[in-house]
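Here are a few friendly notes to read alongside the structure. Please keep the view open as you go through the points.

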Amino acid sequence: MPLTIGTAGHIDHGKTWLVRALTGKDTDRLPEEKRRGISIDLGYAPLALPDGRRLSLVDVPGHERFVRAMVAGATGIDLFLLVIDAAEGARPQTHEHLAILRLLGVERGVVAVTKADAVDAETLELALGEARELVPAAEAVAVSAKTGAGLDELVRAIGRAADGVEPAHAAGPTRVYVDRVFTLRGVGTVATGTLWSGSVGEGDVLRVEPGGREVRVRSVQVHDDAVARAEAGQRVALALPGVERRDLRRGDALVAPRAYPVSYRLDVVLHELEPIPDNARLTVHHGTGHVPARVARAGGRYAQLRLAAPVVAARGDRVVLRAETTVGGGVVLDPAPPRHRDARRLELLERGEIAATIHAPVRLSELRRLLPDGRLEGVERAGDWVFSRAWLEELGAELRRRIAAADPLDPGTPAPAAPWAHDVVPLLGLERRGSLLYEPGAAGRLGARAAAAEELERRLQAAGVAATKVDDPELARFLEAQGRLVRLGGGFAVGAAAYETARDVLVRECESAGAIALARFRDLLGSGRRDAQLLLERFDADGVTRRVGERRVLRRRGAQAAGGGPSVTSTAPGSTPSTTAS
Ligand SMILES: Nc1nc2c(ncn2[C@@H]2O[C@H](COP(=O)(O)OP(=O)(O)OP(=O)(O)O)[C@@H](O)[C@H]2O)c(=O)[nH]1
Ligand SMILES: [Mg+2]
């Protein structure tokens, strides 16, 4: 896999000259860089090793005001080339760049003690000794970009450093953080960046995040050579037709659609160079971008970074935290965490115990952000949902508790309405009827209300067709379901026999007179006006009658099934249908 090496070091210490001496390419191309003699932006050049390997070399600026660009350049690299002026030795940005490299997890590289031509042998030896002390794990090589002395040895040392390097990124869907955007005549907008993972080829559709716009890649170049497909680790230039230059900027991510979450929050384990207090306002550098953020500490070494703008990150990514200077960094534990801070959860995430963090249902598709290999063991699954055995048992126990406490007349409890309910509820061994859950085969029982039921039935019988107020609506519903009474509006009821009687009266009158008015019905029943009215409304609801103006007519049997429209035979002679019927 191709590797990227990035320079680091204090301003004016000779990084860009060394890059030019190594690659033949002057990466200070901006007019302002030429005029001021300093690097302002990132520069890129391919570096060929004697054994034929090709590295991508990123040159970064050393000025303290451009550390932001240095971090953007350093995020995608596998190796460092720390450049120290032999006469000056290590200076502030030598230390800060080195700290940033460590925070980014870039452990391997080479130190070039340069401008060797400008110092005497003793000074050079001292400088080399200091360099070895500063970075004991790296080889230090004396060089001169001016005379070319030591360059071969430097390249060999880079080759040795590259030998044991595990590429920082490889697995995972396509992800490129944009570091430069420009327009080429005849090509259109071109975005460059390091391919952190996946591959990219002609015709691929990628998404620009944040924002979510989809773009089609017309062509891919790796260091000015067209390729059909570029692989993880390579520096790519992607031609993106139909995209305006101003629609893309450094820091944007080009990713495989829907493969990465876009989030305003990152849960991290912190590495503090100086104490970072709770609520500290900092700049979070991630990928090639940076965003203002607030640090919500979550016990011990953990924190949730709450960002002013969303980012696309993955578990294991590094971030650098800066105020005026670099104050620390972090490793992403969850790239799209819930809002609450939960130290215990973060501890489990750090240990890779993802399953142990799961209790209530979460979507497996959303958990992918925490599972690079997609595997998850030790959890229950239903559809796209995963949850713990303990949670499922708690849910079942809670619902059974509610069923046990429910009215014995109707011993059910509302089924959960959460999005997971459809997949999860069937696992509980309960029976669903409509919106309620019951123990399988459960039936309503009168239980302690048997006496009340008998008493009510006696009252109904005594009342005949007069409506009786019932105080216990559950009991009324239960007795109605058993055919022992008929409920009317307003909490009233009549006995089942009285209902039949009243219906017979109604039907007979309608058959002979064609229709019936409230007053007539009341007289025929010998009841009160309210009772007659409640019965008529119930007959309407039961499909026996239909209201036409102030009167009722019989509904032809089956008319409802045929669409419920007016029927000729139900409007019997003598009736006067009103067009203003309500
Ligand atoms: N004598 C001598 N001078 C050098 C050598 N390399 C660089 N210089 C001098 O140092 C100056 C700065 O070199 P650059 O390579 O631009 O320094 P830099 O580290 O890229 O600086 P920034 O990008 O601004 O941080 C050059 O203009 C040269 O004058 C060298 O090998 N020998
Ligand atoms: Mg430079």
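**Notes on charged pairs and nonpolar cores**

1. Let us start with Asp-407, which is partly exposed at a relative accessible area of 22%; partly exposed is the range between buried (under 20% relative accessible area) and exposed (over 50%), computed with a 1.4 Å probe on protein chains only. Asp-407 forms a salt bridge with Arg-449, and their closest N and O atoms are 2.6 Å apart. A salt bridge here is a side-chain nitrogen of Lys or Arg within 4 Å of a carboxyl oxygen of Asp or Glu. Asp-407 sits in the loop between α9 (389–405) and β26 (413–414), and Arg-449 in the loop between β28 (436–438) and α11 (450–463), so this pair links distant parts of the chain, 42 residues apart. Helices (H or I, at least four residues) and strands (E, at least two) are DSSP runs numbered from the N terminus.

2. A word on the background. This is a predicted model, in which local features need pLDDT of at least 70 and side-chain atom pairs count only at pLDDT 80 or more, while totals for chains, interfaces and linings use all residues. Residues are numbered from 1 along each chain as its sequence is written, chains are lettered from A and ligands numbered from 1 in the order in which they are written, and side-chain values use heavy atoms, leaving out hydrogens and water.

3. Next, look at Arg-484 and Glu-457, whose side chains meet in a salt bridge (2.9 Å, N to O). Arg-484 lies in the loop between α12 (473–481) and β30 (485–487) and Glu-457 in helix α11, so the pair ties together parts 27 residues apart in sequence. Arg-484 is partly exposed at 27%, and Glu-457 is partly exposed at 25%.

4. Lys-115 and Asp-85 also meet in a salt bridge (3.1 Å, N to O). Is Asp-85 buried or exposed? Asp-85 counts as buried, at 6% relative accessibility, whereas Lys-115 is partly exposed at 28%.

5. The count of salt bridges comes to 48. Glu-139, Glu-153, Arg-156 and Arg-160 are linked in a network of them.

6. Finally, the nonpolar cores: sets of buried Ala, Val, Leu, Ile, Met, Phe, Trp, Tyr and Cys residues joined through side-chain atoms within 4.5 Å. The largest has 33 residues, of which Met-70, Leu-82, Leu-101 and Val-111 touch the most other members. Helix α3 gives the most to this core, with 5 residues. Another core, of 25 residues, lies apart from it and includes Leu-3 and Val-110.
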